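Reader: I would like to go through this structure feature by feature. Please give the general idea where there is one, and then the case at hand.

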Amino acid sequence: MFKKFLLIIALLFAGTAFAAVDVNKASAAELDGIKGIGPAMSEKIINERKASEFKDWNDFIGRVGGVGEKTAARFSAEGLTVNGKRFSAAAQAKADKKKKGAETKASKTAKADDKPASKKKDKAAAPATAASAPQAAASDAKK
């Protein structure tokens, strides 16, 4: 009976040792408990969190200096979560692809906006050229 009791206690402690630490709720000490996060990094995280909570891993990576995809993956493997979600390289790739698609779409829209403007300039320049041609012909006739 005593062995079963000790086993249950050991399992409870093991479960809490691997419990996820949410970056939006963790104290500095809890953040320091994540391998790779020291006092300086936990201070950066807490200062950014004071401005506003992290929405997702992309937000976390973008706002906390010194954290990239590899570091985020390592923190996640150690038990760090953002809003209860672990870092996923597939989710990161999907978000990057979505962001790239939005940038491409924006650049195409910007290029489309530039084309009509250049045509307007050409139309405006054409009448001026046509108007100057009769004047040039009249000055040639006077000579």
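Predicted model: local features only at pLDDT ≥ 70, side-chain atom pairs only at ≥ 80, totals over all residues.

Reader: Which residues of H5 are buried?

Author: H5 spans residues 69–77, and its buried residues are Thr 71, Ala 72, Phe 75 and Ser 76. Viewed down the axis of H5, these buried residues fall within an arc of 135°, so they line one face of the helix.

Reader: What does the face turned away from the buried side of H5 carry?

Author: That face carries Lys 70 and Ala 77, both exposed. Just after H5 comes Gly 79, with a positive phi of about 120°.

Reader: How many helices and strands does the secondary structure of the chain come to?

Author: There are six helices and two strands. Along the sequence they follow the pattern α-β-α-α-α-α-β-α. Of the 143 residues in the chain, 21% are buried. Among contacts with a separation of 6 or more, 50% are between residues 24 or more positions apart.

Reader: Which residues of the largest nonpolar core touch the most other members?

Author: This core has 20 residues, and those touching the most other members are Val 23, Leu 31, Ile 37, Ile 45, Phe 60, Val 67 and Leu 80. Helix H3 (39–51), H4 and H5 are the elements that give two or more residues to this core.

Reader: Take Ile 37 as a case. With which residues is Ile 37 in contact, leaving aside its neighbours within four places in sequence?

Author: With that exclusion, Ile 37 is in contact with Leu 31, Asp 32, Ser 42, Ile 45, Phe 75 and Leu 80.

Reader: And Phe 60: is it buried or exposed?

Author: Phe 60 has 0% relative accessibility and counts as buried. Its place is in helix H4. Leaving aside neighbours within four places in sequence, Phe 60 is in contact with Val 23, Ile 45, Phe 54, Val 67, Phe 75, Leu 80 and Val 82. The C-alpha atoms of Phe 60 and Ala 72 are separated by 8.7 Å, and the two residues are twelve apart along the chain.

Reader: How should I read the aromatic pairs, and how many does the count come to?

Author: A pair of aromatic rings is described by two quantities, the distance of the centres and the angle of the planes. Here the count comes to three aromatic pairs. One of them joins Phe 54 and Phe 60, edge-to-face, at 5.1 Å centre to centre and 80° between the planes. Phe 54 and Phe 60 are both buried. Trp 57 and Phe 87 form another edge-to-face pair, with 5.5 Å centre to centre and 75° between the planes. Trp 57 is in helix H4, whereas Phe 87 is in the loop between S2 and helix H6 (89–142), so this pair ties together parts that are 30 residues apart in sequence. Trp 57 and Phe 87 are buried as well.

Reader: Which residues do the ring pairs link into a cluster?

Author: The cluster consists of Phe 54, Trp 57, Phe 60 and Phe 87.

Reader: Now the charged side chains. How many salt bridges does a search of the whole structure find?

Author: Side chains of opposite charge can pair when their charged atoms come close. The search finds two salt bridges. In one, the side chains of Glu 48 and Arg 63 meet at 3.3 Å, N to O. Glu 48 lies in helix H3 and Arg 63 in helix H4, so the pair ties together parts that are 15 residues apart in sequence. Glu 48 counts as partly exposed, at 27% relative accessibility.

Reader: What of the salt bridge between Arg 63 and Asp 59?

Author: There the side chains meet at 3.0 Å, N to O. Arg 63 and Asp 59 both lie in helix H4, four residues apart, about one turn of the helix. Shared partners join the salt bridges of Glu 48, Asp 59 and Arg 63 into one network.

Reader: Why does Asp 59 count as buried?

Author: Its relative accessibility is 17%, and the cut-off for buried is under 20%. Leaving aside neighbours within four places in sequence, Asp 59 is in contact with Glu 53 and Phe 54.

Key
Residues numbered from 1 in each chain as written. Heavy atoms only, no water. Buried < 20%, exposed > 50% of the residue type's maximum accessible area, 1.4 Å probe, protein only. Arc of directions from axis to C-beta. Core = buried A, V, L, I, M, F, W, Y, C linked by side-chain atoms within 4.5 Å. Contact = heavy atoms within 4.5 Å. Salt bridge = Lys/Arg side-chain N within 4 Å of Asp/Glu carboxyl O. Phe/Tyr/Trp six-rings, centres within 6.5 Å; stacked < 30°, edge-to-face > 60°.
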